[in-house]
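Subject: Structure handover

Hello,

Here is the structure I promised to pass on to you. Please open it next to this note, and then read on for what turned up.

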Amino acid sequence: MRHYLNYLLSAIVLLCGGGLLRAQEAQVCDVKNPIVGDRNMETVEISRVECTPETTTLYMEAYNRKGYWIQLDSVLHLRGAVTGLDYPLRRCEGVALGQHVYMPDSGNVSFRLVFPPLDGRDTSFDFMERGKGGGFIKGVNLKEEREGKLHCRLTGMVEKPTEASRLVLHRYGLDARVKPFISIPVHNGKFEYDLYTDHAEAWEVYLWHDWLNGGYYPAKFLGENATLHITFPDKGRPKVETDGTENRIMLYVEHQVDSIFSPKYALYNARVDTLYSEDDCYTPAGKDLYERLRAAETQEEANKIYKQLDSLEKSRRLYSPRMMALEDYLAVCRAEEKSWRLREAARKPSVSGLSFLRSELDNFEHPDSLKQALWAVYDSVYAGYLPGHPYHAVVNALRQCRTLAVGKPYPDYEITGNDGRSLRMSGLIRGKIAFVDLWASWCRPCRANSKSMIPVYEEFKDKGFTVVGIAREKHRSDMEQAVRKDGYPWTCYAEVEDANNIWSLHGIGNSGGGTFLVDSDGTLLAVGASADEVREILRKKLGGKSGH
């Protein structure tokens with residue numbers, strides 16, 4: 001009996017000691033707005049992670065339009081990035097799992113998830129729903145120190161009464177549909193965030209719900225060692241206050257532009273409102289096309305009408321004479337504003353000026369005179385300014401593709417193959433007439449255009465014609481699913497998170513896609529051609545019966 005008691009006592013000591021040891025080795029931290037890696041859920045965010053020797057608590061935010069719902073699986077777990085250990089959910093506080101959770105007027109519900117303590121070696125983890133197709137947020141980083149030489153402190157207020165519980169933050173000019181964004185929670189109308197970055201680049205922040213509804217006012221700023229206070233009013237543009245040198249330069253330019261040109265734009269808007277009230281905005285041909293557009297039953301039919309509208313506008317036959325005069329007035333105002341900004345940028349180099357040039361050089365629709373002026377200022381004033389700044393690499397890539405026009409050589413560029421290796425577009429289309437189809441799974445008109453090309457491809461694929469599809473996606477799996485559903489017979493590649501800047505190189509910025517027909521000698525034959533137009537070109541080039 002004595003031996004048994006001694007053994008039992010030793011076992012208890014070991015167990016307690018082991019428990020103490022495990023407690024000492026548990027992860028201990030309190031991280032707000034943790035950095036995360038890959039994810040496939042955007043309506044659920046982790047705003048804070050609190051790790052103690054007893055528990056790991058995730059402070060969660062759920063977002064959607066008011067009256068809409070979200071649903072989290074009833075089985076949730078964490079997976080340690082280093083140990084691979086699985087940490088099952090202990091309890092949920094604030095929402096019911098496995099059920100629809102409807103959004104209040106704020107568009108936001110806060111709740112907490114409690115898990116076992118993390119092993120001290122797991123400095124990051126994955127948050128996952130069960131099953132292969134479940135939601136996940138991977139690479140949740142528990143390190144409190146942030147990477148980046150510059151620290152930009154953001155604080156502010158949101159005065160909008162409803163659906164104002166979340167802000168979207170990302171580098172200026174990026175597309176939140178394909179690039180991960182930073183989510184900033186808004187509580188009781190206030191927000192704060194510490195942004196760390198290596199370069200003084202332009203950023204923008206705006207209300208997520210306004211972006212969902214298609215109309216939003218972004219607050220633009222430069223990432224520098226500074227504090228910024230941003231106020232989002234109930235209506236209108238946000239107000240930015242800062243102690244940062246570069247941001248003050250940018251704000252000065254914006255204030256000057258506002259004082260000079262806002263009255264002109266206000267006059268344009270007022271006169272347009274008058275023409276709408278008098279039903280004198282469009283020509284009879286324009287009105288007819290818009291009536292047909294409203295009655296269109298398929299996306300393919302709508303796309304054809306959009307092309308006709310575009311043709312009417314280019315030939316100055318879409319708008320009424322009075323509206324056309326207003327459009328000419330607006331074009332002059334915009335040209336004057338760009339010229340004013342350009343003169344300010346040329347006066348003294350600044351990050352604000354470099355950001356302006358990088359943005360405007362990306363616009364392929366500028367008149368030639370403005371394009372030449374922009375390039376002249378960049379080459380003479382900014383080419384040697386802040387060597388190593390990432391904007392120079394973007395501008396140099398744009399320089400290679402600025403001759404993108406019918407009759408000019410189609411540019412060569414890298415794409416990412418489906419095995420992850422880099423490919424050259426020239427190697428994929430060499431010696432063939434090629435239809436380069438830039439599309440996206442989330443762009444319905446793009447997919448309708450792509451599907452309309454299938455019979456054209458089948459007719460000419462054995463006669464020296466090929467199609468190369470590139471989908472602009474946040475996740476490769478979205479492209480693969482769309483290809484399976486639509487049945488594209490050609491090879492499609494994914495441009496994930498704008499890794500190769502292919503859309504910018506084609507001058508189509510944040511659009512869903514565009515199409516480019518390239519001759520066998522590398523000359524651009526057509527931009528934005530319909531399936532019927534491509535068929536006619538191919539019949540002339542490769543032989544076949546004309547007509548339909």
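A definition to begin with: two strands pair if DSSP finds at least two bridges between them. The strands themselves (E, at least two residues) and the helices (H or I, at least four) are DSSP runs, numbered from the N terminus.

Please keep in mind that this is a predicted model, in which local features need pLDDT of at least 70 and side-chain atom pairs count only at pLDDT 80 or more, while totals for chains, interfaces and linings use all residues. Residues are numbered from 1 along each chain as its sequence is written, and side-chain values use heavy atoms, with hydrogens and water left out.

**Strand pairing around β9**

β3 (56-63) and β9 (108-115) run antiparallel and are joined by 8 bridges. Within that pairing, Glu61 stands opposite Ser110 of β9. β9 also pairs with β7 (residues 91-93), again in the antiparallel sense, over 3 bridges. There, Glu93 has Arg112 in β9 as its bridge partner. Of the 8 residues in β9, 6 are buried, where buried means under 20% relative accessible area, exposed over 50%, and partly exposed in between (1.4 Å probe, protein chains only).

**The second largest pocket**

β3 and β9 turn up again here, as they are among the elements that give two or more residues to the lining of the second largest pocket, together with β1 (29-32), β2 (44-51) and β15 (190-197). A pocket, on a 1 Å grid over the protein atoms alone, is an open set of points where a 1.4 Å probe fits, with protein on both sides within 12 Å along at least five of seven lines; lining residues have an atom within 4 Å of a point. This one holds about 490 Å³ of space, the volume being that filled by probe spheres set on the points, which are joined across faces, edges and corners.

Its lining has 23 residues, and Val31, Lys32, Asn33, Ser47 and Glu192 lie nearest the centre. β15 gives the largest share of the lining, 6 residues. Sorted by class, the lining has 11 charged, 8 nonpolar and 4 polar residues. Here Asp, Glu, Lys and Arg count as charged, Ala, Val, Leu, Ile, Met, Phe, Trp, Tyr, Cys and Pro as nonpolar, and the others, Gly among them, as polar.

**Two loop residues**

Gln27 sits in the loop between α1 (2-25) and β1. Is Gln27 buried or exposed? Gln27 is buried, because its relative accessible area is 11%. Leaving aside residues up to four places away in sequence, Gln27 touches Cys51, Thr52, Leu118, Asp119, Gly120, Asp122, Thr123 and Leu142 (contact means heavy atoms within 4.5 Å). A polar atom of the Gln27 side chain lies 3.1 Å from the backbone oxygen of Asp122.

Arg430 is in the loop between α10 (425-429) and β22 (433-439). With a relative accessible area of 62%, Arg430 is exposed. The C-alpha atoms of Arg430 and Asp521 are separated by 7.7 Å, although the two residues are 91 apart along the chain.

**A covered helix, and the whole protein**

In helix α7 (residues 351-360), 9 of the 10 residues are buried. The elements that cover them include α3 (245-277), α6 (321-347) and α8 (368-382).

Overall, the protein has 15 helices and 26 strands, and 45% of its 548 residues are buried.

Happy reading!

Terms used
Polar contact = N/O pair within 3.5 Å; in protein donor to acceptor, adjacent residues only side chain to side chain.
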